[in-house]
Structures are given as structure tokens and as C-alpha cells.
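Hello,

Please find the structure below, with the sequence.

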Amino acid sequence: MTELTSSVAPPYPALSEKLKFYGIWVAVALVVLALPSIFGSGGALTTFSLIGISIIFSLSYNILLGQTGLLSFGHAVYYGLGGFLVIHAINLISTNKLPIPLPFVPLVGGLAGLFFAALLGWVSTQRSGTAFAMISLGVAELIASSALILRTFFGGEAGISANRTKLFRIFDWNFGPQIQIYYLIAAWTLLAVIAMYALTRTPLGRICNAVRDNPERVQFVGYDPHVVRYLAFCFAGFFAGVAGALAAINFEIANSAYLGALQSGSVLFSTYIGGVGYFIGPIVGAIFVTVLSLSLSDLTSVWQLYFGLFFIAVVTFAPGGITGLLMMHRPLVKGSTLGKVLPSYLIALIPTLALVAGLVLAIETIVHHTVNPGDDPNIKAFGMNFNASSPITWILTLFLVVGGFFVARETWRRLARAWDDALTAAHERGYHA
Amino acid sequence: MLELLVISTLNGVLFGMLLFLMASGLTVIFSMLGVLNFAHASFYMLGAFFGFQISRWIGFWPALFIAPLLAGALGAAVERFGLRRVHRNGHVAELLFTFGLAFAIEEIVQIIWGKSPVDFRVPASLDFPAFRLFSTNYPAYKMFMLLVSIAIFVGLLVVLKKSRVGLIVQAALTHPHMVGHLGHNVGRIFMLVFGVGTALAAIAGVIAGPALVTQSNMAALLGPILFVVVVVGGLGSLPGAFVASLLIGLVQTFAVSMNGSLAGAFGPLSPDYAQTWLSDIWGVTIAQIAPIMPYVLLVLILIFRPMGLLGTRET
């Protein structure tokens with residue numbers, strides 16, 4: 001009997017491991033605290049706030065996609081409803097002068113998300129896979145269209161707004177300046193991340209993984225996959241509501257775009273690009289996509305097209321997302337065979353960059369000729385200056401795209417071979433993951 | 001009243017047949033490849049825009065044939081060079097691939113043709129009233145749309161029921177793996193089916209373009225309704241898709257033409273509630289909630305018959 005328990009229960013973690021585990025969280029908290037003193041500008045603080053909101057939202061989405069295997073096209077519904085409810089709550093609190101300070105208000109959004117997820121989730125989680133994806137889309141459209149009909153509550157096209165500074169104050173913070181909002185969002189982000197990480201370690205989190213991998217087997221063990229999916233859906237709704245609440249507090253407005261298909265699509269993009277296989281994936285994705293969308297829109301007018309193409313490239317070539325790509329190298333790093341593939345990476349990088357540059361040139365030239373044909377043909381994109389109407393540009397573009405494609409294909413084949421060799425070598429040294 | 005009934009039925013059947021042109025391709029693709037093509041409505045949009053551009057260059061009638069061929073070739077290429085590659089990453093990756101594709105196609109259409117509606121007109125040879133019903137002139141172009149979609153429906157039925165290709169497709173609807181085991185070139189059939197399915201959507205786009213608005217958001221508007229059709233009919237069921245298309249076409253058309261509201265039926269709300277959210281529900285007309293009707297139907301179907309009207313498969 002003792003043998004059985006010792007083989008089932010994991011060994012009690014050593015002190016060093018515990019320190020390492022809690023050390024990461026403490027370090028993250030310190031970094032979050034110190035960020036405003038390093039990048040103190042208003043723009044940076046706004047960016048950090050958006051990243052924080054996006055992190056909560058993406059992680060909540062990953063409870064569905066990564067951990068339970070539910071692909072949802074309508075996650076923004078709970079985000080948006082959380083935002084709307086919070087705006088109404090702020091207005092209610094300030095008109096009735098209730099003694100509720102702003103830092104507790106996001107909880108309202110979370111509860112709103114939870115309530116609506118509990119209400120709508122039972123029907124939609126009856127099925128998984130493709131059917132669930134379609135149903136989530138239908139429910140999202142239902143809510144988004146209804147929001148435009150119920151004008152008094154949702155404010156129609158303009159949305160509804162609130163003043164966050166008029167609430168009951170603690171520590172004499174009125175939450176007017178962006179720095180105070182940053183700390184509010186940072187605190188909630190940290191709390192939500194810890195809570196969602198803890199959720200993955202609970203028996204429920206584990207059974208969610210089981211439902212994702214083999215629902216039939218879960219049924220044999222005695223759990224109802226529908227109930228498990230429903231519970232995961234409710235948790236995801238709660239955290240999405242918190243994210244929506246923080247967004248509403250940040251902008252002091254909630255409108256129908258919060259609930260829309262674009263919002264649902266963008267959380268899917270950031271979660272998947274970051275990588276659904278690891279807990280940290282959506283965090284990486286949220287940071288990457290927020291920064292990318294803010295900076296790309298300065299560089300080119302058709303940044304959404306690049307964004308879509310980038311997403312297609314990730315789905316096609318790197319289904320594990322950014323973290324998946326990085327984690328692939330773990331056995332190589334541990335087995336110290338990474339040096340074998342690095343030269344191939346550098347060789348493959350050159351034609352790939354040429355191909356990408358050619359595609360960018362082609363897109364920008366076409367955009368110039370279709371969107372603003374009368375303008376000056378000397379255009380600038382991504383810091384490159386070129387003449388969109390000169391044949392030299394066209395020939396260069398064609399050369400870069402065609403030449404880059406064929407050379408890149410060959411170098412990537414070589415890279416794949418080098419990769420296999422390095423991985424085999426790492427396996428021989430006993431490092432498998 | 002009778003006039004409204006007849007005209008709405010005609011329009012409803014027309015809209016339903018258009019929906020079925022798209023839903024049939026979507027259903028067959030889903031049954032064979034196991035992937036719900038998120039970009040299906042985008043091919044409908046591409047059909048409309050190709051049709052617009054070609055009819056501007058060489059006229060509407062050539063466009064009616066060339067645009068679907070182009071869109072179908074594009075669809076076949078997407079299957080051959082995109083989906084087949086992504087296939088090994090699983091169904092979620094396939095669905096996401098088509099999702100990204102839909103996003104990219106919308107952006108590309110916006111870049112080339114702009115965000116505002118293009119001037120895609122009914123050809124002059126069809127721009128006359130077909131018949132006069134009570135006091136309404138029914139346009140000939142709508143009759144043409146109806147005839148084309150019925151002709152394609154009949155053609156599809158004959159091909160599916162009578163030809164060898166149709167036999168294989170039908171077999172693949174229920175037993176996709178067995179078809180492969182029997183030695184058919186599954187890869188080529190998949191590419192062909194994908195191409196034909198997207199071409200059907202493009203035909204719908206070309207004939208619907210002049211009657212509805214040809215705009216870069218038309219895919220995003222129609223796509224969700226298309227999925228409702230497929231889920232309500234039952235995933236993978238072609239007759240189910242037909243019934244659901246007609247049902248949704250009729251429901252939406254009839255709802256648009258009705259003006260009743262709770263306020264109209266039971267009198268205005270007492271002034272105490274006039275400024276609250278209750279007044280929204282009280283005063284909204286059936287015509288205003290027409291856009292959400294398909295989704296309400298979806299939720300009802302899911303509660304009472306989760307596998308869809310004529311569906312047999314659970315997933």
C-alpha cells in the first residue's frame with residue numbers, strides 16, 4: 001500500500017524548487033511595479049495597460065482553446081458584457097454614492113461574464129469541436145445584434161460612458177491619471193494570472209485537459225464531458241468579464257465593438273500566435289500582438305492584411321505558436337546540440353528575409369496603385385523608400401519573391417535535416433524534452 | 001395581405017435558394033474534408049467582385065461563367081497548397097487557417113475595390129419588370145436569379161444521384177475513409193470538391209451582387225448565417241441544408257415585412273417604464289429583429305434537437 005501511494009503521489013518539492021517557483025512570481029511583480037519608472041511616458045503606460053487587459057483576455061480564452069480544446073469564435077461576448085455592466089455599475093455607484101471604491105469594480109465585470117457564460121454556456125457546450133465553434137459564432141452574433149436593438153442599455157452605436165474618478169476614494173487615489181489606472185490593471189492582471197495558473201493545477205484543470213484529449217475515455221472514468229466543458233466555459237467567461245471591465249475602466253466607455261466579431265477574432269489571433277500549448281503562450285501572444293498592432297499601424301496603412309497573412313503563416317508553419325517554436329529547442333539546449341542548427345538558421349534567414357521583403361514591396365506597390373493612384377509614387381513603408389511606378393521596383397520585387405521563395409525552400413529543407421540530426425544527437429545524450 | 005404573402009414567399013424562396021447554393025458547397029466540403037470552411041462566404045464575395053470587374057470589362061454574361069471558374073480555381077489552389085499542408089496539424093488548425101484566409105480576403109478586397117459599395121448593376125437585358133402582381137412590379141432579374149439557382153440545384157441533384165462522381169461524393173458524405181480505402185484518389189477528389197464548392201458560392205455571388213449590395217463586408221454579413229444554416233440543417237446533411245436554407249430564407253424575409261411589436265399588440269407601455277430598457281423590448285418591431293432571427297432559431301434548435309433538423313452525426 002505504501003509503495004502504491006509513493007508511486008502515485010509526486011515527491012514533495014524541494015526547498016530550492018519552491019523558491020524557484022515563488023521567485024518567478026515575485027520577480028514578475030517587481031518588474032510590473034518598476035515598469036512605470038523605466039518607461040514613464042503616457043504612451044508607454046497606455047500600451048502597458050492594453051497589454052495587461054489583453055493578457056487576462058487571452059489567458060481566459062486559452063482556458064477554452066488550449067486547456068479544454070474548445071475553439072470559440074464568440075469569446076468577446078463575455079468581455080463586452082463585463083465592460084457594459086461595469087460602466088453601468090460605475091454610474092450606479094456614483095449616482096447613489098455607494099461606498100465602493102474603483103479597484104473592486106472589475107469584480108462586477110467578472111460576475112457579469114460568469115453569469116452570462118453560465119446562462120449561454122449550457123447550450124453551447126453540449127457539443128465540442130467544429131459544432132461548438134459554429135454555435136459560439138451564432139450566439140456571439142445573436143448577442144452583438146441584440147446589443148444594437150436594446151439601445152437604452154447598450155447605448156446603440158455610440159455606446160455608454162462613465163466617469164471613473166467620481167467614486168468612493170481609498171488612499172486618496174481618484175484614478176484620473178493613467179499611472180493609477182496602470183497600477184490598477186497591473187494588480188488585477190497579476191491576480192488573474194495567478195488564479196488562472198492555479199486553476200490549471202486543480203483537478204478540474206486536469207480533467208479539462210483530459211476532455212480535450214479524449215472525451216470518450218473521460219466518460220468511462222465517470223465524468224460528464226459536457227459538465228466539464230461547461231465549468232471551463234464559466235471560468236473563461238468570468239476572466240473575460242474581468243478583462244472587459246478593465247478595458248471599460250481604462251477607456252471610460254463601452255460600445256458595441258467590445259462584443260463584436262473583430263474582438264473575438266483578435267483574442268483568437270493573440271492566443272494562437274502566442275501558442276496554446278503552454279500556460280505562458282497567451283501572455284507572450286498578448287504582448288506580441290498588442291505591440292505589433294500598435295507599431296504596425298504606424299508603419300503601413302494595410303497593417304491588418306499583414307496581420308492576417310502572419311496569422312496564416314503561423315497556423316501553417318508553426319501550429320504551436322511562438323512559445324511552441326521556442327520550446328521545440330529545449331532538448332537541443334539541454335543536450336547542447338543547438339550549435340548544430342544555428343548555422344542553418346542563419347543561412348535560411350537570408351532568403352526568407354528576401355522573400356518577406358519582396359512580398360512587402362509587392363503589397364505596398366499594389367496598395368499604392370489601387371488605393372491612392374494619383375499620389376506621389378515615391379512611397380515609404382517599413383522605413384524603406386522606393387518608387388512604386390518604376391519598373392526597377394517591379395523587377396526587384398519579382399526577383400525577391402521568386403528567387404527568395406526557391407532559395408528559402410531549399411535552405412529550410414537543409415535546416416530540417418540539420419534539425420533532425422541535432423535532435424537525434426540530443427536524444428542519444430538522454431534529453432527528450 | 002395576400003400580396004405581401006405572395007411577394008414575401010417569392011423573395012424568401014429566392015433568398016433560401018441563394019443560401020443553399022452556398023450551403024451545399026459548404027456541407028459537401030465539410031462532410032468530405034471534415035473542415036468547416038470559414039472562408040466560404042469570402043468566395044461568395046470574391047465571386048461578386050470578380051463578376052463586377054469582368055462585367056465591366058466584357059459584359060455580364062461572360063462574367064457569369066468566368067468569375068465562378070476563377071473563384072473555383074482559387075478555391076482548388078487553397079485546398080491543394082494551403083489546407084492539405086495544414087491538415088497534419090489537426091482540424092482546429094484547418095478551421096483557423098480558413099478563418100485567417102477569410103480575414104485576409106476581406107482586407108485584399110478592401111485594398112483593391114475599396115470599402116464603399118461598388119456600382120454592380122443589373123444587366124440591361126434583364127432590367128425590366130417580369131410581371132405585375134397586384135400593385136407590385138416583380139423585377140425580371142429576381143426571376144432570373146431564382147431560375148439560375150433552381151437550375152443549379154437540379155443539376156447538382158442529377159450529378160449527385162446519377163453520375164459516378166456523385167456516387168463517390170455521396171459515399172464520402174457518410175464513409176469518407178472507406179472511399180479512400182477503395183482506391184479513389186482522395187486528394188484529387190478533395191481538391192475538386194473544394195473547387196466546385198467555392199465555385200458554387202461564387203455563382204451565388206455573381207447573381208446576388210447586382211440585386212444585393214456588393215461591398216467588402218458582404219462576406220462577414222452572410223458568413224454567420226451560412227453557418228447557422230449548416231448547423232440547423234444538421235452538419236453534413238445535404239437535404240438538411242436545403243430545408244434549413246429555405247426555412248431561414250422564408251423566416252428572415254417574412255420578418256422584415258412585418259411591423260408588429262409588443263407595443264402594437266398590447267398598447268403603449270405605462271409612462272413609468274418609458275425611459276427604461278423595457279421600452280426597447282416593448283417598442284421593437286419584428287422587422288427590426290429580423291437580423292437576429294436565424295440565431296434565435298439556432299439556439300432553439302440546439303436546445304430541442306442538438307444534431308440539427310435532418311442531421312445524424314453528433315459532431
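Chain A is assigned two domains: domain 1 covers 22–323 and domain 2 covers 330–428. Bear in mind that this is a predicted model. Taken over C-alpha atoms, the centres of domain 1 and domain 2 of chain A are 34 Å apart. Contact between them involves 5 residues of domain 1 of chain A and 5 residues of domain 2 of chain A. On the domain 1 side, these comprise 3 nonpolar and 2 polar residues, with no charged ones.

Next, the interface between the chains. Here 39 residues of chain A are in contact with 42 residues of chain B. On the chain B side, at least two residues each come from helix H3 (60–86), helix H4 (91–113), helix H9 (218–233), helix H12 (278–283) and helix H13 (293–304). H4(B) gives the most, with 14 residues. By class, the chain B side has 31 nonpolar, 8 polar and 3 charged residues.

Last, a helix pair within chain A. Helix H3 (residues 42–68) of chain A packs against helix H11 (residues 225–251) of chain A, with the axes 9 Å apart and at an angle of about 170 degrees. Angles over 145 degrees count as roughly antiparallel, so H3(A) and H11(A) fall into that class. Residues of H3(A) in this contact include Ile53(A), Phe57(A), Tyr61(A) and Leu64(A); among those of H11(A) are Arg229(A), Phe235(A), Phe239(A) and Leu246(A). The contact of H3(A) with H11(A) is made up of 17 nonpolar, 5 polar and 1 charged residues.

Regards

Note on methods
Residues numbered from 1 in each chain as written. Chains lettered and ligands numbered in written order. Predicted model: local features only at pLDDT ≥ 70, side-chain atom pairs only at ≥ 80, totals over all residues. Domains from an automatic or database assignment. Contact = placed C-beta atoms within 7 Å. Nonpolar A, V, L, I, M, F, W, Y, C, P; charged D, E, K, R; others polar. Helix = DSSP H or I, 4+ residues; strand = E, 2+ residues; numbered from the N terminus. Axes fitted to C-alpha atoms, helices over the stretch in contact; angles between N-to-C directions. Parallel < 35°, antiparallel > 145°, perpendicular 65-115°, else oblique.
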